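The sequence and the coordinates are displayed first.

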Amino acid sequence: MSKHPKKQTITPEMLLDALKDSFKKLNPRYMLKNPVMFVVETGFLVTLLLSFFPNLFGGNNEGLRVYNIIVSVILFITVLFANFAESVAEGRGKAQAASLKKTQKDTEAHLIKEDGSLVTVSSSELRKGDIVLVKAGEVIPGDGEVIEGIASVDESAITGESAPVVRENGGDFCSVTGGTTVVSDWLKIRISSDPGNSFLDRMISLVEGASRKKTPNEIALNTLLVSLTIIFLIVIVTLYPIGVYSGVELQTSTLIALMVCLIPTTIGGLLSAIGIAGMDRVTKFNVIAMSGKAVEACGDVDTMILDKTGTITFGNRLAAEFRPVEGADVKQLIHCAALTCFGDNTPEGKSTLDLARKLGDTTEQPQGAEFFEFTAQSRMSGLDLADGTAIRKGASDAIISYVQQHGGEVPADLREHVEAVSALGGTPLVVCRNNEILGVIYLKDTVKPGMRERFERLRAIGIKTVMCTGDNPLTAATIAEEAGVDGFVAECKPEDKIDVIKKEQAQGKIVAMTGDGTNDAPALAQANVGLAMNSGTTAAKEAANMVDLDSDPTKILEVVEIGKQLLITRGSLTTFSIANDIAKYFAIIPAMFMTAIPQLGVLNIMGLSSPYSAILSALIFNALIIPALIPLAMKGVKYRPMSSEKMLARNMLIYGLGGVITPFIGIKLIDLIISPLLLMIGL
């Protein structure tokens, strides 16, 4: 199982492709999607015209031709850098898509016809509902669910994990993905998707960015940036008459330079890249997000619903002991428990039969018996023998209810046995024959190491954790205490999970949960963030808005932190971008009016050498800061679990204060470099 994100380096080929895409995106119709950078591009076109026709808007500006050219070049580079940031982010997704496309190839499929005969067809001809046979060494031709057989499957093409995994009929490991390879035995698979709609097709579409839509927070921030841009446009327009009144002739190119420096170009140029990189970070953890909205919602999660088995505990609950009630024969308890396990393919059932064998039981599978599988509703399993004897095993309350309905009595010491097992953190399964309770099977489970610390991290950032389990309240309380969750729901049915989610959402909270079975699908669909296991059923994967390729239920913890990191990165760089404007204001405004209003010289605290040097230095810094921040936008601001108040204070200190100080230093250094060059060309 992949415990660490896969490293995806940016290759020279990716940078070259990103540079080419940067020029393609200069198309004004594409630039309109980013209003802030569209304004910059419009400013570039105006200054470019002024480079050839300096007197286009009146006055005698022949001597400013070189100045206009320099401003045009800087504005062009600014737009190019913004496009480059987005293209680099998209490049990693395209590289992964190319890798996935190599996996997606037309293969032969052995289609099983209605009469049972086999016919070889192309995988592209398969349709939803078709049944295929896949043997060892063959590639699984399409997404589906195992309906017969058990085999090892190499899923490295999808997950990157080289160790084969077991796929079998029933349970939580019945789902298979097209493009993976059967390495042992055989599987009979029912195809679950039509050509073009497979899991691989959707993955390729998502990582290429073809279906990426702006998230609600992104739209809100974009609206704010547009509003700020309009405000500064109004300010720039009013500066010209103010300059005329003050006796200062303000060149059009200077006004455009001021506008570009004051509008939030930094975050405007990086906003799209931050969103794309956020989805890419999730992908590197082997999680496929069905939309950017899902990743963003992770960052806003308030409550996390977690299954106990497989998430908080290892899930391999194994039979450890048989405990007969008073008056019952332990051999009869073992015999009846073993009988119920012949139709039970779960790890619990298999371990119960193994333990019975170790204790000397030689029970064989009965002929003519009718088996009943465990369901979340009945919470019991068992069989009816040919002579009419009914044997059941299951949760204590379910078996008690069953026995009482059939006129039986509950042994006085049953509750004592159930509570004793529960107090140990185990799961008690009660066994009955007809209306007689025989005893309890002690199923032992173990909490995964480090869970308490992880839940403490979530608690530190204000996320409440709720454990859902089918266990009785005492067992649930013991596990909850050991794991350190904030709350639990015992004897939980699928519909109970939906109720828990709805109650939390009714309080305005954002809820996340994981699941892998068909009975989890409604709850996954109801949750704001639903993470389905790739090994789970098709229904679960279709209901969720995220799929974990590693099928690790605890991955939801990392995914939430990635969502938090996305929001923090966007907020930090927005703070930095707006704070930048303060320093650029002190660079450009004094330079524009100092000749007419010498008193403004006190605002030239950077001691910039000349008005033209001040304006061009600020403009160059404004352009260079975008590529300088691309690595941070791609990697994300380092996430530390803390309260929102501490997080705000920290970001204001680092990115707010840093956003003010950095331009003062950068603009001054650029001024020292370019002022001699400007003197040489007469500016």
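## Gly682

Gly682 is exposed in this predicted model, because its relative accessible area of 63% lies above the 50% cut-off. The residue is found in the segment after helix 22 (644-680).

## The aromatic cluster

Three aromatic pairs are found in a search of the whole structure. In one of them, the ring centres of Phe23 and Phe76 are 6.2 Å apart and the planes stand at 50°, so the pair is classed as tilted. This pair links distant parts of the chain, with Phe23 in helix 1 (residues 12-24) and Phe76 in helix 4 (residues 65-103), 53 residues apart. Both residues are partly exposed: Phe23 has a relative accessible area of 44%, and Phe76 has one of 24%.

Phe76 also pairs with Phe44; here the centres are 5.3 Å apart and the planes are at 45°, so this pair is tilted as well. Phe44 belongs to helix 3 and Phe76 to helix 4, so the pair ties together parts that are 32 residues apart in sequence. Phe44 is buried, with a relative accessible area of 14%. Phe23, Phe44 and Phe76 form one aromatic cluster.

## Packing of helix 3 and helix 7

Helix 3 (residues 35-52) packs with helix 7 (residues 216-246) at an angle of about 35°, and the axes of the two helices are 9 Å apart. Helix 3 contributes Pro35, Val36 and Val39 to the contact, while helix 7 contributes Asn222, Leu225, Val226 and Thr229. Classified by residue type, the contact has five nonpolar residues, two polar residues and no charged ones.

An open sheet of three strands has the order 6-5-8 and antiparallel pairing. Strand 6 (165-168) and strand 8 (181-182) stand at the edges; each has a single partner strand, so one side of each lacks a neighbour in the sheet.

Strand 5 (residues 150-154) and strand 8 run antiparallel and are joined by two bridges. Asp154 stands opposite Thr181 in strand 8.

## Thr303

Thr303 is located in strand 11 (residues 303-307) and counts as buried, at 0% relative accessibility. Its side chain makes a polar contact of 2.9 Å with the side chain of Glu504. Leaving aside residues up to four places away in sequence, Thr303 touches Ile463, Lys464, Val466, Glu504, Lys509, Ile510, Val511 and Ala512.

Notes: Residues are numbered from 1 along each chain as its sequence is written. This is a predicted model: local features need pLDDT of at least 70, side-chain atom pairs count only at pLDDT 80 or more; totals for chains, interfaces and linings use all residues. Side-chain values use heavy atoms; hydrogens and water are left out. Axes are lines fitted to C-alpha atoms, for helices over the stretch in contact, and angles run from 0 to 180 degrees between N-to-C directions. Helices (H or I, at least four residues) and strands (E, at least two) are DSSP runs, numbered from the N terminus. Contact means heavy atoms within 4.5 Å. Ala, Val, Leu, Ile, Met, Phe, Trp, Tyr, Cys and Pro count as nonpolar, Asp, Glu, Lys and Arg as charged, and the others, Gly among them, as polar. Two strands pair if DSSP finds at least two bridges between them. Buried means under 20% relative accessible area, exposed over 50%, partly exposed in between (1.4 Å probe, protein chains only). A polar contact is a pair of N or O atoms within 3.5 Å; within protein, one must be able to donate a hydrogen and the other to accept it, and residues adjacent in sequence count only if both atoms are side-chain atoms. Rings of Phe, Tyr and Trp (its six-membered ring) pair if their centres lie within 6.5 Å; planes under 30 degrees apart count as stacked, over 60 as edge-to-face and the rest as tilted.
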